[in-house]
Amino acid sequence: MLTTRIFTVSAGIPADISDFIAETVQKNGGSGICTVWVDSDRATLISYSEDTRMDADLMDDMERAFPARGSYTSAADIELTGARIRCSVLGFSQSFPVCGGQVLLGVHQRIHIVSPAESCSVAVSVMMMDS
């Protein structure tokens with residue numbers, strides 16, 4: 001089953017989509033693998049939810065590693081190159097196990113999407129592959 005939903009995100013601030021994923025998985029029921037993905041200028045991540053500052057720290061560290069105005073050789077928009085590299089490192093998709101209609105993540109893990117360069121609408125697609 002494929003489900004897609006649009007979320008509005010602020011630049012550089014991870015948006016928690018865990019409840020949407022849990023609802024989608026629960027509707028499907030069953031067991032298997034769930035994959036979540038976004039388009040190429042956005043990223044998905046599974047992060048530790050007990051300390052909300054960790055997401056900000058992660059994004060700050062990614063910006064330091066791949067700055068918006070770095071000395072890139074890409075012929076693409078130099079303003080977006082750093083953000084696109086950050087998305088590539090973080091990943092455009094996440095896959096995780098599902099059992100009995102429940103997402104199997106760690107106790108303190110949450111699923112997020114992020115747009116490093118700009119505030120925008122993000123299409124999040126979820127595919128459940130039954131075992």
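I started with helix 3 and looked up what covers its buried residues: the cover includes strand 4 (43-48), helix 2 (53-65), strand 5 and strand 7. Helices (H or I, at least four residues) and strands (E, at least two) are DSSP runs, numbered from the N terminus. Buried means under 20% relative accessible area, with a 1.4 Å probe and protein chains only.

Before going on, I noted that this is a predicted model, where local features need pLDDT of at least 70, side-chain atom pairs count only at pLDDT 80 or more, and totals for chains, interfaces and linings use all residues. Residues are numbered from 1 along each chain as its sequence is written, and side-chain values use heavy atoms, with hydrogens and water left out.

Back to helix 3: its buried residues are Thr 81, Gly 82, Ala 83, Arg 86, Cys 87 and Leu 90. Just after the helix, I found Gly 91 with a positive phi of about 110 degrees.

Last, I looked for aromatic pairs (ring centres within 6.5 Å; edge-to-face if the planes are over 60 degrees apart). I got one: Phe 7 and Phe 20, edge-to-face at 5.4 Å centre to centre and 65 degrees between the planes. Both Phe 7 and Phe 20 are buried.

Conventions: Phe/Tyr/Trp six-rings, centres within 6.5 Å; stacked < 30°, edge-to-face > 60°. Buried < 20%, exposed > 50% of the residue type's maximum accessible area, 1.4 Å probe, protein only. Contact = heavy atoms within 4.5 Å.
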